[in-house]
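This briefing concerns the structure shown below. It is arranged by topic for use beside the sequence.

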Protein chains: 2
Amino acid sequence: MTSLLRTARCVRPAFAARPASRITPIALRRRYASAATAAVADSGEQPYFPDEPREPIIQTSIPGPESKKAIERLGKVFDTRSLNMMADYQRSYGNYIADLDGNVLLDVYAQIASIPVGYNNASLQLAATSPEMASALINRPALGNFPQHDWAEILETGILSVAPKGLDQVFTGQSGSDANELAYKAAFMWKRQQQRGGADVDFSAEDISSAMNNQSPGAPDLSILSFTSAFHGRLFGSLSTTRSKPIHKLDIPAFDWPQAPFPALKYPLDQFAAENAAEEQRCLDETERLIKEWHAPPAAIIVEPVQSEGGDNHASPSFFRGLRALTKKHDILFIVDEVQTGVGATGKFWAHEHWNLTSPPDMVTFSKKAQTAGYYFGNNELRPNKPYRQFNTWMGDPARAILFRAIIQEIERLNLVESTAQTGDYLYNGLARLAEQYPQDIQNLRGRGQGTFIAWDSHRRDDVLRKGKGVGINIGGSGERAVRLRPMLIFQRFHADLLLERLERVFKS
Amino acid sequence: MTSLLRTARCVRPAFAARPASRITPIALRRRYASAATAAVADSGEQPYFPDEPREPIIQTSIPGPESKKAIERLGKVFDTRSLNMMADYQRSYGNYIADLDGNVLLDVYAQIASIPVGYNNASLQLAATSPEMASALINRPALGNFPQHDWAEILETGILSVAPKGLDQVFTGQSGSDANELAYKAAFMWKRQQQRGGADVDFSAEDISSAMNNQSPGAPDLSILSFTSAFHGRLFGSLSTTRSKPIHKLDIPAFDWPQAPFPALKYPLDQFAAENAAEEQRCLDETERLIKEWHAPPAAIIVEPVQSEGGDNHASPSFFRGLRALTKKHDILFIVDEVQTGVGATGKFWAHEHWNLTSPPDMVTFSKKAQTAGYYFGNNELRPNKPYRQFNTWMGDPARAILFRAIIQEIERLNLVESTAQTGDYLYNGLARLAEQYPQDIQNLRGRGQGTFIAWDSHRRDDVLRKGKGVGINIGGSGERAVRLRPMLIFQRFHADLLLERLERVFKS
């Protein structure tokens with residue numbers, strides 16, 4: 001393993017020790033040019049970023065003196081108490097994130113799972129410096145009123161080219177929370193339209209007057225059903241469906257919406273198949289009871305394929321098929337929140353592809369690695385019956401849609417979904433071996449067959465994350481005690497080897 | 001007036017008749033280069049965009065055949081029912097918006113008041129094509145965890161360099177709705193902290209458990225007070241404070257928050273001073289009653305300096321000073337929503353500068369012309385007492401912050417706030433003359449002394465807007481019957497002359 005790392009060519013060991021002048025895009029492109037002659041690593045893998053550092057470089061404690069100065073300055077005008085690392089993105093590259101003190105870490109957190117194809121990716125750089133991008137930035141349209149002439153083409157060749165099966169339309173937004181709230185609004189409009197008797201039945205005078213007073217029926221007593229430990233965002237509607245941690249919710253008014261239990265499964269899943277199946281059935285039963293009995297009936301259910309912020313909680317395809325069946329049975333919508341799971345990390349482009357649904361979700365929301373946001377849908381009934389109902393000034397962002405198109409092209413060019421599936425299996429197996437050696441440090445390992453979307457529990461989780469920095473790996477947590485891996489799609493087997501080796505150093509400490 | 005238009009030099013009458021090849025940034029820059037030799041218009045004004053079309057060009061009905069084809073294509077994947085005009089931004093320039101059929105309109109709507117310094121502005125183009133911008137686009141950080149090393153500098157030289165007096169900190173977001181909801185969250189956390197007895201008093205066990213169930217006290221029965229006809233956005237919390245139109249609110253669940261009457265003033269304001277003062281006092285009294293009596297006490301009041309979406313409703317500085325006094329008296333926060341009024345259009349950088357407040361607002365929200373969003377604040381108590389309370393993945397966008405900095409520099413370079421104040425006075429006087437000639441078409445003219453933030457009522461408003469397109473002017477409406485002008489800050493006296501002349505054509509029709 002270490003020999004692989006040592007023999008990786010096209011690496012500049014002094015990468016982080018360069019003088020402080022900024023690395024220009026031209027310098028980056030020159031560096032990229034050398035990719036043409038890149039070595040094939042010992043593993044037989046072609047490195048996607050041949051010029052990446054060979055391994056992490058730790059030159060100071062983190063934060064080091066330069067970072068401390070910068071943090072102090074920033075702290076005067078911006079809240080820095082959640083600051084993890086003051087980054088230098090012009091020196092970050094591929095899977096590696098740099099700071100101001102010459103430290104360069106293997107990044108398997110990737111901006112909370114939102115960097116898809118590497119820092120300073122050359123293909124994205126081309127898209128970011130294109131005339132099309134400049135125009136999108138400086139002439140930002142109000143897309144609902146004055147869309148740009150090529151908006152259909154940008155959608156068709158980008159966002160819609162990876163639309164989940166069965167969904168062929170999109171409503172664009174600006175963040176994961178925004179995407180979910182837009183989907184909720186579509187669900188409420190759809191349900192009320194159905195209750196009124198169809199798209200042709202107009203609002204009643206009572207609907208109109210009560211809506212203006214925030215009262216039912218115009219502002220209806222309907223709800224969105226979500227699950228314990230779910231995370232769907234932090235705006236007021238999305239936060240009402242978020243049930244991850246008190247710190248996310250405290251002191252914020254919330255809608256009295258129902259919360260069903262998410263299955264508390266035992267890992268590894270296949271060893272506890274019967275118990276887990278019973279637990280999932282219990283949760284489905286309780287979900288159905290809430291659908292039928294909650295005082296504010298749900299217009300939709302929202303669920304994450306893997307509960308991410310809430311602690312990397314998995315459920316089986318059969319559970320999700322059961323949810324889909326319940327929504328069909330009770331004529332409500334099924335929204336799949338793929339904000340964190342989407343865009344390849346689970347070894348499928350969309351994680352719900354793992355479920356083999358017989359009918360597609362009604363809406364699928366996305367953000368993070370897409371670098372833009374929104375919801376996909378297929379059923380025309382989900383277009384509100386009048387204009388200006390689902391509307392806002394910007395309604396998305398062509399600049400970010402252009403970037404997502406470049407991300408999609410890069411994913412396809414390098415076949416990154418398939419490679420993430422394979423690298424994920426390799427990494428999972430390595431972690432399973434480590435779990436045997438260090439059973440206290442890797443508990444409830446999960447994510448087998450889910451690409452690199454892998455996590456485990458640790459009783460000294462925060463300690464592990466902190467020590468990880470010291471040995472050059474940047475990792476995130478989720479829930480109360482999970483270590484979650486969220487590497488980029490360009491994370492390769494030799495990165496996995498390096499990660500495993502560094503984790504072992506931490507476990508030994 | 002017309003002679004001024006005819007003698008304007010550096011104009012390409014065939015601007016819109018060029019072949020269909022895309023106008024490249026280089027071509028734009030070449031065109032900009034001729035600015036150095038630009039003529040001074042007859043008015044003595046130096047045109048900011050000397051190469052703008054001399055006047056609107058109308059070649060087809062709108063939408064023309066090319067636009068219709070493009071709209072049909074887009075309609076298959078994106079809701080086009082609120083589409084106003086299919087735009088060609090690469091052919092749009094300065095104050096002029098182009099479509100696919102060779103039509104070029106003087107744009108005084110400007111993407112719902114969100115384009116500050118002209119289409120294809122050369123200075124913004126430089127910022128948009130800078131290495132700094134490319135890095136911001138392709139290495140988008142999770143700002144709360146991994147801010148970029150120069151985030152403090154970007155804030156200090158950009159967003160914070162125009163912070164309202166007394167406010168020296170910012171929390172960045174992504175849209176006007178988002179900015180307002182972030183401000184609401186800060187207000188709720190502040191109020192609950194105060195109720196608990198200070199920042200050092202920890203949450204109770206009951207707070208924690210009830211918050212997870214969306215119940216009081218953890219999810220408190222507190223509110224935000226807003227005004228009739230207000231518009232503060234369309235996410236669930238912001239929509240609960242929006243009271244503009246039923247179509248904005250119907251079928252969406254809302255919080256039962258209080259709505260105070262916004263003064264229904266008579267115009268021109270100075271002719272009805274006594275009546276208007278009495279009306280404002282009535283509204284202040286009712287506001288105070290709601291603060292004291294509403295079942296869910298307000299943590300804050302939010303108000304727009306000019307109610308924009310709700311119909312361009314004005315109130316006097318004295319009314320706003322009265323609101324500030326009420327919030328002080330009852331120890332709640334005063335949030336000023338400058339999403340539409342901010343960034344120069346009223347002849348001050350922030351519209352609330354017109355009020356001569358003795359203490360600054362607690363929070364000021366912004367978006368639109370800033371091309372980024374967020375809220376300013378000054379009081380450190382508005383930083384939540386723990387990290388991760390006000391937090392999300394992206395927490396703003398350095399790319400857009402860089403663009404706002406370039407916008408600010410352009411505004412300062414050309415002294416656009418002052419010039420907008422002057423052009424606004426000139427335009428208002430011209431409209432006042434037209435109002436005498438066409439009293440049916442210009443009723444309740446308003447916005448004197450408020451830069452170009454001018455509106456009037458019309459009983460055939462939608463007809464006027466439609467006919468405006470036919471004579472080459474793109475105008476928006478607000479409320480039920482207001483025509484609202486929202487030109488860019490580069491709108492000059494000769495544009496005002498042209499607008500007045502075209503409006504007169506419409507009124508005569």
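Both R484(A) and E309(A) are buried. Their side chains meet in a salt bridge, with N and O 2.8 Å apart. The model is a predicted one, and a search of the whole structure finds 66 salt bridges over all chains.

**Salt bridges within chain A**

- The bridge between R484(A) and E309(A) links distant parts of the chain, the two residues being 175 residues apart. R484(A) belongs to strand β14 (residues 482–485) of chain A, while E309(A) sits in the loop between β6 (298–303) and α13 (317–329) of chain A.
- R460(A) and D441(A) form another salt bridge, in which the closest N and O atoms are 2.9 Å apart. R460(A) lies in the loop between β11 (454–457) and α16 (461–470) of chain A and D441(A) in the loop between α15 (416–437) and β10 (443–446) of chain A, so this pair ties together parts that are 19 residues apart in sequence.

**Interface between chain A and chain B**

- Contact between the chains involves 126 residues of chain A and 126 residues of chain B. The buried area between chain A and chain B is about 11300 Å², and carbon and sulfur atoms give 59% of that area.
- Between chain A and chain B there are 10 salt bridges. Among them is the bridge between the side chains of D251(A) and R192(B), at 3.9 Å from N to O.
- Polar contacts between chain A and chain B amount to 71 residue pairs, with both residues at pLDDT 80 or more.
- On the side of chain A that touches chain B, helix α8 (residues 176–196) of chain A gives the most, with 8 residues. By class, that side of chain A has 62 nonpolar, 36 polar and 28 charged residues.
- D397(B) and R400(A) also form a salt bridge, with their closest N and O atoms 2.9 Å apart. D397(B) is in the loop between β9 (373–377) and α14 of chain B, and R400(A) is in helix α14 of chain A, so the pair joins two chains. Both D397(B) and R400(A) are buried.

**Helix α6 of chain B**

- Helix α6 (residues 131–138) of chain B is largely enclosed by the rest of the structure, because 6 of its 8 residues are buried. The buried residues of α6(B) are M133(B), A134(B), S135(B), A136(B), L137(B) and I138(B).
- These buried residues of α6(B) pack against elements of both chains: α5 (122–128), α6 (131–138) and α14 (398–413) of chain A, together with α5 (122–128) and α14 of chain B.

**Aromatic pairs**

- The count comes to 55 aromatic pairs over all chains. F334(B) and W355(B) form a tilted pair, at 6.4 Å centre to centre and 40 degrees between the planes.
- The pair of F334(B) and W355(B) links distant parts of the chain, 21 residues apart. F334(B) lies in strand β7 (residues 333–337) of chain B, and W355(B) lies in the loop between β7 and β8 (363–366) of chain B.
- F334(B) is at 0% relative accessibility and therefore counts as buried. W355(B), with a relative accessible area of 3%, is buried.
- F366(B) and F404(B) form a stacked pair, at 6.3 Å centre to centre and 25 degrees between the planes. The pair connects strand β8 of chain B, which holds F366(B), with helix α14 (residues 398–413) of chain B, which holds F404(B), across 38 residues. Both F366(B) and F404(B) are buried.
- Ring pairs also link Y184(A), F188(A), F236(A), F255(A), W257(A), Y184(B), F188(B), F236(B), F255(B) and W257(B) into a cluster.

**Surroundings of T241(A)**

- T241(A) is located in helix α10 (residues 236–241) of chain A. With 0% relative accessibility, T241(A) counts as buried.
- The side chains of T241(A) and Y184(A) make a polar contact of 2.7 Å.
- Leaving aside residues up to four places away in sequence, T241(A) touches Y184(A), I224(A), S226(A), A230(A), H232(A), W257(A) and I302(A).

Terms used. Residues are numbered from 1 along each chain as its sequence is written. Chains are lettered from A and ligands numbered from 1 in the order in which they are written. This is a predicted model: local features need pLDDT of at least 70, side-chain atom pairs count only at pLDDT 80 or more; totals for chains, interfaces and linings use all residues. Side-chain values use heavy atoms; hydrogens and water are left out. Contact means heavy atoms within 4.5 Å. Buried area is the accessible area (1.4 Å probe) that two parts lose on being put together, summed over both. A salt bridge is a side-chain nitrogen of Lys or Arg within 4 Å of a carboxyl oxygen of Asp or Glu. A polar contact is a pair of N or O atoms within 3.5 Å; within protein, one must be able to donate a hydrogen and the other to accept it, and residues adjacent in sequence count only if both atoms are side-chain atoms. Helices (H or I, at least four residues) and strands (E, at least two) are DSSP runs, numbered from the N terminus. Ala, Val, Leu, Ile, Met, Phe, Trp, Tyr, Cys and Pro count as nonpolar, Asp, Glu, Lys and Arg as charged, and the others, Gly among them, as polar. Rings of Phe, Tyr and Trp (its six-membered ring) pair if their centres lie within 6.5 Å; planes under 30 degrees apart count as stacked, over 60 as edge-to-face and the rest as tilted. Buried means under 20% relative accessible area, exposed over 50%, partly exposed in between (1.4 Å probe, protein chains only).
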